[in-house]
Amino acid sequence: MSEFDVIRQYFTRAPKHSELGVGDDAALIRLGANMELAISADMLVAGTHFFADADPYQLGWKALAVNLSDMAAMGAQPKWATLAIALPNIDHAWLGEFSRGLFACADTFGVDLIGGDTTRGPLTISIQIMGEVPTGLALKRSGAQLHDEIWVSGPLGLAALALAHLQGNLSLSPGDFKRCSAALHSPQPRVALGYGLRSLTHSAIDISDGLLADLSHILQASHLGATLHLSQWPHACHWPEAAGLDSSGQAKLLLSGGDDYELCFTAPKASRDALLQLGKKLDLDLCCLGEITQDPSLVVHGVDKAILDIKELGFDHFK
């Protein structure tokens with residue numbers, strides 16, 4: 001079977017948002033009037049981002065979902081994606097499940113797969129995502145303002161807990177592991193939330209490398225600092241119990257574990273009621289956990305209100 005047979009059998013469908021999709025030298029896409037194109041790309045590498053024996057359906061879902069999370073953070077409507085994939089061999093059972101998971105995610109969020117590339121090599125998945133956002137309404141990292149409140153869209157650290165359990169570094173109950181495993185393998189990008197945040201917030205980012213690492217990107221781009229209060233954050237106070245995990249380890253996974261794919265955003269206090277209503281409408285547990293400060297430092301008060309000594313902000317590929 002040739003690479004072109006693989007593309008035709010597993011990754012070719014009629015496009016919904018495109019003039020021309022998979023099967024030519026380039027795709028042709030239409031932009032609506034007064035719209036800007038948002039583009040992002042992510043790469044997943046076996047052994048670095050996922051276990052080599054990962055469930056292919058879940059991997060197909062996650063490969064696209066982590067890119068959709070970038071669109072959500074920009075307030076953009078995702079529409080088009082390309083897939084470049086290196087395969088060690090042609091495994092029809094694996095490809096069938098991977099493409100089924102990929103297209104399940106694509107169908108859920110209305111995305112066309114419009115092209116890409118295949119080659120032989122160590123299992124590597126690279127997706128480029130493109131979407132539309134009304135001109136001037138894209139959410140950016142650089143927009144945070146002094147005294148903004150800092151919000152997150154849901155519980156953090158669950159994916160990091162699942163990974164630590166799989167690596168044998170701690171032990172979760174079967175029920176807690178099921179919940180945490182879902183966060184790790186089947187993240188739910190907050191696309192609808194991104195639309196709602198366009199008129200309510202000043203800045204946003206998706207949490208992929210850990211809350212502190214990604215919030216730091218907002219602070220650096222906006223030339224401001226932040227103070228977080230875990231005592232006012234119910235997600236920190238109602239965490240799954242993990243055998244072998246002390247309070248310091250819990251704080252590390254919660255704040256720096258990564259792979260959360262929730263949104264972190266800053267908004268004026270005047271938006272608080274509207275944000276809570278938006279969260280209720282979308283059935284999301286939006287939570288305010290701090291504020292933007294003039295001091296450029298990032299200060300975190302633990303559940304006991306003591307200042308935490310944070311040594312690692314989050315995941316870094318080269319550390």
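**Words and their cut-offs**

Mentor: Start with the surface: the protein exposes about 15100 Å², and carbon and sulfur atoms supply 53% of that. Areas come from the Shrake-Rupley method with a 1.4 Å probe, and for residues only the protein chains shown count as cover. This is a predicted model, where local features need pLDDT of at least 70, side-chain atom pairs count only at pLDDT 80 or more, and totals for chains, interfaces and linings use all residues. Residues are numbered from 1 along each chain as its sequence is written, and side-chain values use heavy atoms, with hydrogens and water left out.

Trainee: What makes a residue of strand β7 buried or exposed?

Mentor: Buried means under 20% relative accessible area, exposed over 50%, partly exposed in between (1.4 Å probe, protein chains only). In β7 (residues 149-152), E149 and W151 point one way, I150 and V152 the other way, and all are buried. Across the protein, 49% of the 319 residues count as buried.

Trainee: How do you know which residues of α4 and α5 meet?

Mentor: Contact means heavy atoms within 4.5 Å. Among the residues that meet are L158 and L161 in α4, and F177 and R179 in α5.

Trainee: What makes β4 and β6 a pair?

Mentor: Two strands pair if DSSP finds at least two bridges between them. β4 (residues 77-87) and β6 (residues 124-134) have 9 bridges, in the antiparallel sense, so they pass. One of the bridges joins Q77 to E132 in β6.

Trainee: And which strands does β7 pair with?

Mentor: β7 pairs in the antiparallel sense with β12 (residues 263-267) over 4 bridges, and with β13 (residues 287-293), also antiparallel, over 4 bridges. E149 has A267 as its bridge partner in β12 and E291 in β13.

Trainee: Why are β3 and β5 called edge strands?

Mentor: The open sheet runs in the order β3-β6-β4-β5, with mixed pairing. β3 (35-45) and β5 (112-120) each pair on one side only.

Methods. Helix = DSSP H or I, 4+ residues; strand = E, 2+ residues; numbered from the N terminus.
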